[in-house]
Amino acid sequence: MRLGARDVGQLKQNYDIKVQQLMKAARNGTKDGLEKTKIAMMRKVSFLSKKDCTDDTEDDSGYLDVTVSELKHPPPQLSPMPEGLSGQQIVRRHILGSIIQSESSYLDSLKRILLEYKKPLMEAEPRILSLKKIQPVFYRLKEILQCHSMFQIALASRVAEWDSTEKIGDLFVASFSKSMVLDVYSDYVNNFTNAMALIKKACMSKPAFLEFLKKKQAASTDRITLYGLMVKPIQRFPQFILLLQDMLKNTPAGHQDRLPLQLALTELETLAEKLNEQKRLAEQLAEIQQLARSIGDRTLSKQLNSDQKQLILSETLIETVYGEKGQVLKSKERKVFLLNDMLVCANINVKDIETGIDNIFEEPRGPPDISSLVPIGPKYAVKWSAPLLQVQVVEVGQETPQCKDNVYQHSGSKRLSSTNSQGKLFLGPPRLFQELQELQHDLSVVEEVTLLVGTLQGSYQNLNTTVGQDWCMALQRLIRIKEDEIQCANKCRLRLMVPGKPDKSGRPVSFTVVLGTPSPISKISWVNRLHLAKIALREENLPGWVCVEDDEKTKPPFWCPLLACRVPVFAPKVQDLKLQAALYNPVHCALLGFSAASTSLPQGYLWVASRGDDSHGQVEIFSLNRPTPRSVKSFSLGSPVLCLEYIPEPSTDEELETQTSEVLSKIGNTICVGLLDGNILVYGSVDSAAQCLLTFCNPEGCPVLCLKHAANFLFAGLSNGKVAIYNRKSEEGLWDPDSCRHVVIGCAPVLKLLRIDEYVWASCANQVSVIEGSSLKTQSFEVHPDPMVSVSHMVRAGGGVWMAFSEGSSLRLFHTETLEHLQEINISTPSAYLSPGKKAVCVTSLLICQGLLWVGTAQGIIVTLPVPRLEGIPKITGKGMTSLNAHSGPVEFLLATSSVLPQDFLKRDSSTEGADSNIGGEDKEATNSSQESLQQADGSSQGEAKAKGVLLQYHLRSTSQLPGKVLTGRPEESSNSTQESLEHSLEDGSIYELSDDPDVWVRGPGPSFKESARIREKVTSAAVISGGKGFRRLASPSNSHDSSENTLMVWQLPMTV
């Protein structure tokens, strides 16, 4: 049948219409309308068809096979830059160009994999690889290519109209909020380790396959290997996040693309987090299964295979055994597994892997399974295992946990016992301790000699007290250096006291294990995770959180907040006070040790304010420099305390004169206290000392309900609907009572103040007023339709503000710039425990900390909801968790505490690296495991710099132990030949980062690199504190305590880096 020119033109026109419909669906599709979009595409676009799934092809049911003509739809290309553009517009065009370039490069890489590798392998005669091995290697790559082909069509349309619209954020939301994208990328990421292991084994067993890969690499212009191409989907979304962050940074406020860009960041961050979590769970399950298969103890193997076991951390560490004189007797790699209730140390048996490869590639009798084609990991031989609660971390000079028990090293030779240790256990590098003791002995001798020289009657050359004093000073300097070396060595050595088998007399025996960690961060990770794992085994944390939305089937992850302790606020005799407010005063404790800092609460002090009758108020100060808060000071006030505000030391500002900045630096941090009688008290913040520096009353004499500082202004929300603003005194640095100005907000009390950059939001009844800091201009907007309902709480994260109200259980999210209402949730929905009863379901406190929105209720129940951490919109992105530990009365406050470990803790002195020569080759791969463990709960604390982005982590656990060359994304000429000789070296690609060029992927250097240490080694500890009447367990109503006692509950979170 021949078609005329008219018929061909008609077909082309119909084709163009259908493609336009497809592009419109890609641009405007949303997550809620995904099903409608699919139906519309299937009905209206005839060239979209579902592929028939056969036994020889991938299972791609539910995915659309898209064929797009590149002639009809060329790649997106920016038009020449018009004249008269602003600087930000020029930068935005350059960023858009980077997006276009990186997407084009990404699509080319995907096509190269399918056309240059998969297709020739599928069509090769004779077969180089069987279909059963080809399909797992390239699993889901075609579907990923389809997703991004659709995205490129819509991107080309948007780029064509860029100069008139300058909008791209909504395109990312429409393209990557679909569940199909998450599904295909999840399958690819979870299968990646297996695919790489299969490629590596095929290279060893199939010379034709290895030759095929070499020829393909040599024929390519960039000489990128197959591995280098296949790793690109792993980091695609983190790359998008970095580009959109730059685009948002150069998009001015009020621009039509700001909100869409923030929503796009939220969608991409959520997607990357879900992929990370799925990858983590898959790897943990594989690691536990491999350990269970490797051990010969059936009882232990059965325990590991139970659903109750959860892998928290695993790493290859260096066990070192010392002799009597401090010499290293032996040093060997051990794989250490930290489970939720036990610690396992295993030998790594590589020989079993080498001998088992030939058996793996024997012709299978039945249909081959992927588990039989891909080794999960190395064989392990359990050296020892112990219940977690009986394992102790021991530091230098620390009292032994069981001073009456025999203590010896695990090598079997008795090392030291209680008779000669005098209750002290010295577990540092013994040679360094021996040298320190020798120096101390020599110093005492030289001091005695100097005294004797002073008694000489005659005068002799070079024999006088001056020379002796010089010797003493030199020895003292050497002692200080040696002490520093011991402390530095202690940062990378994990010393454990592990229970062993009883001796012949039946007495318990413990042995010490010294494990070398790759870096201080690795040791911090182990000490912190060991501490938290023990807390998780307490009754109140078994379980501590439940997800009611799925009938409590979802297990809370390890980094869920753990109830570390609960303490009474006041003495038993003083219980008639009502908790009103709390404040965290961060103060660094220089005396805190390395391991103590890894397990204690964030360093600083907690101020808890309360009110009694109209003429009495009280403040309790707790020290947080230990695992449990300890009351250190209490003082009373002549009026009830209504609010507290911590004001950090003012930074030197360009507007301030040099003399003024010097005055401010002397004042330091201050704490403002608002009282019922209208007074504002200013206290100096010096440890637990509470010296009142200033007292002044607002001219209205109204109760001070809330306080907030912004720049050089102090805002006070009053009960008469006004906000009082005070300036600083130029000569003293304190607030000037005479500079008070008032802004009328409304007739109702001003309940809350919230600082948003240079603005302050003030809530009054059902409205919020935005006050500009310097000019005091206001803009009001309604946040609730009921005028009788007041805004009771406001918290900010990224580009949104969550609000709670005086009545009802709903929360509302508003955009910080457009003031647009973005989301509303009801917190009574995710928890069956919040059913209406004697008390109305009402929100009494609100907090955002480390990616969680904390909600306290009038029933004493606490609910957490996941929110993004980056600059996007803090929309609720997952299921809520309900704490089974609750107060008996309303949750009066929720407070976040966080502190950063000193950089000295993270430095590893190079002089100590050679202290034990056998430990110099520690496994770099282990560092990545520790950093990944710390990064799982990564979040930014208040005042910290915003996160740069989300790195999608993956760990090539199963291929690093296989014999053969290391897989690399670089040409062979540029690879480091020394890597091949390392038995357990880090594979190229375990953690990837972006270089300045978004098209170039480089391996992220480990923490031993100075540049990486400067950027990433920032360890933060965090905890959340709630206050209210009493304590009760929701799971067991009988397990409740005195409901009249004011109680603090402290939730500890894992340290993050």
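Which residues does A1023 touch, not counting residues up to four places away in sequence?

1. The model is a predicted one. Its protein chain holds 25 helices and 43 strands. Of the 1057 residues in the protein chain, 54% count as buried. Among contacts in the chain between residues at least 6 apart in sequence, 67% join residues at least 24 apart.

2. Strand β41 spans residues 1020–1029 and includes A1023. The relative accessibility of A1023 is 1%, and because buried means under 20%, A1023 counts as buried.

3. To answer the opening question, A1023 touches L601 and P602, then L895, A896 and T897, and also V1050, W1051, Q1052 and L1053, with residues up to four places away in sequence left out of the count.

4. Helix α7 covers residues 169–176 and is mostly covered, with seven of its eight residues buried. The buried residues in α7 are G169, L171, F172, V173, A174, S175 and F176.

5. The partner to examine for α7 is helix α12. Two packed helices are described by the angle between their axes and the distance between the axes. For α7 and α12 (residues 258–294), the angle is about 30° and the axes are 7 Å apart. Angles under 35 degrees count as roughly parallel, so α7 is roughly parallel to α12. The crossing of α7 past α12 is left-handed.

6. On the α7 side, the residues that meet α12 are G169, D170, F172, V173 and F176. On the α12 side, they are P260, L261, L263, A264, E267, L268 and L271. Sorted by class, this contact of α7 with α12 has nine nonpolar residues, one polar residue and two charged residues. Of the residues in the contact, G169, F172, V173 and F176 are also among those buried in α7.

7. Is S177 buried or exposed? With a relative accessibility of 4%, S177 counts as buried. A polar atom of the S177 side chain lies 2.5 Å from the backbone oxygen of V173. V173 is itself buried and is one of the α7 residues that meet α12.

Key. Residues are numbered from 1 along each chain as its sequence is written. This is a predicted model: local features need pLDDT of at least 70, side-chain atom pairs count only at pLDDT 80 or more; totals for chains, interfaces and linings use all residues. Side-chain values use heavy atoms; hydrogens and water are left out. Buried means under 20% relative accessible area, exposed over 50%, partly exposed in between (1.4 Å probe, protein chains only). Helices (H or I, at least four residues) and strands (E, at least two) are DSSP runs, numbered from the N terminus. A polar contact is a pair of N or O atoms within 3.5 Å; within protein, one must be able to donate a hydrogen and the other to accept it, and residues adjacent in sequence count only if both atoms are side-chain atoms. Axes are lines fitted to C-alpha atoms, for helices over the stretch in contact, and angles run from 0 to 180 degrees between N-to-C directions. Angles under 35 degrees count as roughly parallel, over 145 as roughly antiparallel, 65 to 115 as roughly perpendicular and the rest as oblique. A crossing is left-handed if the near helix is turned anticlockwise from the far one by less than a right angle, and right-handed if clockwise. Contact means heavy atoms within 4.5 Å. Ala, Val, Leu, Ile, Met, Phe, Trp, Tyr, Cys and Pro count as nonpolar, Asp, Glu, Lys and Arg as charged, and the others, Gly among them, as polar.
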